[in-house]
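Please read the following report alongside the sequence and the coordinates.

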Amino acid sequence: MPRERLRDLQIERLRAVVASACERIPFYREVCRQRGIAPQDLRSVEDVQHLPFTVKTDLRDHYPFGLFAVPLADVVRIHASSGTTGKPIVVGYTRRDLETWTEVMARTLASGDVGPDDVVQNAYGYGLFTGGLGFHQGAERIGCTVVPTSGGFSERQLLVMQDFGSTVLCCTPSYALSLAEELRQAGIDPKTLKLRVGFFGAEPWSEQMRHEIEARLDVAALDLYGLTEIIGPGVSSECLERRGMHVFEDHFLAEIVDPVTLEPLPPGRRGELVFTTLTKEATPVIRYRTRDISVLHDDPCPCGRTLVRMEKITGRTDDMLIIRGINVFPSQIESLLVGVPECEPHYVLVVRREKAMDELEVVVEANPEVVAQGAAAMEAAAHKVRQRIQGVVGITATVKIVPPKTLERSIGKAKRVIDERPKT
Ligand code: AMP
Ligand code: ZN
């Protein structure tokens, strides 16, 4: 769709969703009243910036169903996201919401050229987490042969991969990495498998990690993005050009704002992603602050899609570590670790406070050859990592090189940062 027409569609839908939210949800009625804004004041898509933001605590404060716009009788599905603390975020789907979600997930898979002949091994967790069922619906809609393995049970995953001839793998990038490792251990050459493309999302992963996974699994690794609050996976996804994730803008309006001033930023500028759902019936959200950091691009993509693209997420405003006054994003460290040949791409960052000083410890696994060469080689590798961190990030870290398979493997979202500092 030409962008002009898309804009027309968006403003029409924006007005409708704001009108319905204000009519049916007391919270939105009140915040819009306080702002002095009504649906009819929205003349162009840019007017979205006059609407109030929604943040995670607003959803928590109305736990579980306080922000639902429809009675439970019209809700046919519930999903939830646990997050790190407290009560989960709960969202509902009407029948039409499920239809929308299925559609955007089918588009996601189709962006990677997935069709009815594909065997889709879906290793995202099934349950309250949106990953499993989201992919399941999309793949079924396309007519793929869906194998709902869910996460974990790696031996069985390998068996399915080999015996059912899976051509598509869906899971988190960290689980993809751990499956690659299991394959290697079982002596299975990925080239003998039929895997062709992988849809890896739900957690941050660097471009370097992509190359690593592509090499180890012999697949094209595509990124896709989403969050429970907006719909689950299917908010945006990469096409085979891999120049960012196309946002499904007919359903989700994307903005980038400065995370400090909250002023809208134009395409090309890095900031916090904010989404407004344009068609959600059960749990519409207006200007949801995701905390995820990215950049939007609206120049044409060679694939022909006119949808804006968002760059790979480089971090979250709330996972930025401030270590001795220096802003450190875990993704920066991942990018440089994955480029060190002596190390395996399995790592954990531990932050501690010792004598009022913040200390960063980077624990990373060595590859088996380095371990075989002995302690001096391990120490040399640690030194190399330390120097790179110093050079790129500008901080002195303690680097601990550990033997392969020391660190815990994830089957869903990996936990790679352990912040042991006292909460302020
Ligand atoms: P949840 O609602 O529990 O699935 O978590 C959603 C969050 O996961 C997002 O706000 C992001 O922080 C993260 N996330 C999802 N997809 C990606 C992705 N492709 N890259 C980086 N982070 C992602
Ligand atoms: Zn494209």
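## Ile-25 and its surroundings

Leaving aside neighbours within four places in sequence, Ile-25 is in contact with Ser-20, Gly-66, Leu-67, Phe-68, Ala-69 and Pro-284, where contact means heavy atoms within 4.5 Å. Ile-25 sits in the loop between α1 (3-24) and α2 (26-35); helices here are DSSP runs of H or I with at least four residues, strands are runs of E with at least two, and both are numbered from the N terminus. The residue is buried, with a relative accessible area of 0%, on a scale where buried means under 20% relative accessible area, exposed means over 50%, and partly exposed lies in between, computed with a 1.4 Å probe on protein chains only. The C-alpha atoms of Ile-25 and Arg-60, which are 35 residues apart along the chain, are separated by 15 Å.

## Basis of the model

This is a predicted model, in which local features need pLDDT of at least 70 and side-chain atom pairs count only at pLDDT 80 or more, whereas totals for chains, interfaces and linings use all residues. Residues are numbered from 1 along each chain as its sequence is written, chains are lettered from A and ligands numbered from 1 in the order in which they are written, and side-chain values use heavy atoms, with hydrogens and water left out.

## The zinc site

Which residues donate to the zinc ion (ligand 2)? The protein donors are Cys-239 through SG, His-246 through NE2, Cys-301 through SG and Cys-303 through SG, and they lie 2.1 to 2.3 Å from the ion; donors are taken as N, O and S atoms within 2.8 Å of the metal (3.2 Å for Na, K and Ca), and since water is not among the atoms, sites may look incomplete. The four donor atoms of the zinc ion (ligand 2) form angles of 105 to 113°, and the site is tetrahedral. Four donors are given that label if all angles lie between 85 and 135 degrees; four count as square planar and six as octahedral if opposite donors are over 155 degrees apart and all others between 65 and 115, and anything else is irregular.

Along the sequence, the donor residues of the zinc ion (ligand 2) follow the spacing C-x6-H-x54-C-x1-C. Cys-239 belongs to the loop between β8 (232-238) and β9 (245-247), and Cys-303 to the loop between β13 (288-297) and β14 (309-310), so this pair ties together parts that are 64 residues apart in sequence. Cys-239 is buried at a relative accessible area of 1%, whereas Cys-303 is partly exposed at 30%.

## Helices α7 and α8

The axes of helix α7 (residues 173-185) and helix α8 (residues 207-217) come within 10 Å and cross at roughly 35°. Such axes are lines fitted to C-alpha atoms, for helices over the stretch in contact, and the angles run from 0 to 180 degrees between N-to-C directions. In this pair, Pro-173, Ala-176, Leu-177, Ala-180, Leu-183 and Arg-184 of α7 meet Met-209, Ile-213, Arg-216 and Leu-217 of α8. By class, the contact of α7 with α8 has eight nonpolar, no polar and two charged residues, where Ala, Val, Leu, Ile, Met, Phe, Trp, Tyr, Cys and Pro count as nonpolar, Asp, Glu, Lys and Arg as charged, and the others, Gly among them, as polar.

## Backbone details

Most residues other than glycine have a negative phi, and most peptide bonds are trans. The peptide bond from Tyr-63 to Pro-64 is cis, with omega near -10°, and Pro-64 is found in the loop between α3 (56-61) and β1 (77-81).

Phi of Arg-242 is near 50°, a positive value in a residue other than glycine; Arg-242 lies in the loop between β8 and β9 and is partly exposed, with a relative accessible area of 32%. Phi of Lys-355 is likewise positive, near 50°, and Lys-355 is placed in the loop between β18 (343-354) and β19 (357-366), where the residue is exposed at a relative accessible area of 84%.

## Asp-250

Asp-250, in the loop between β9 and β10 (252-257), is buried, with a relative accessible area of 14%. Not counting residues up to four places away in sequence, Asp-250 touches Leu-6, Leu-9, Arg-13, Arg-107, Leu-278 and Thr-279. The C-alpha atoms of Asp-250 and Gln-10 are separated by 6.3 Å, although the two residues are 240 residues apart along the chain.
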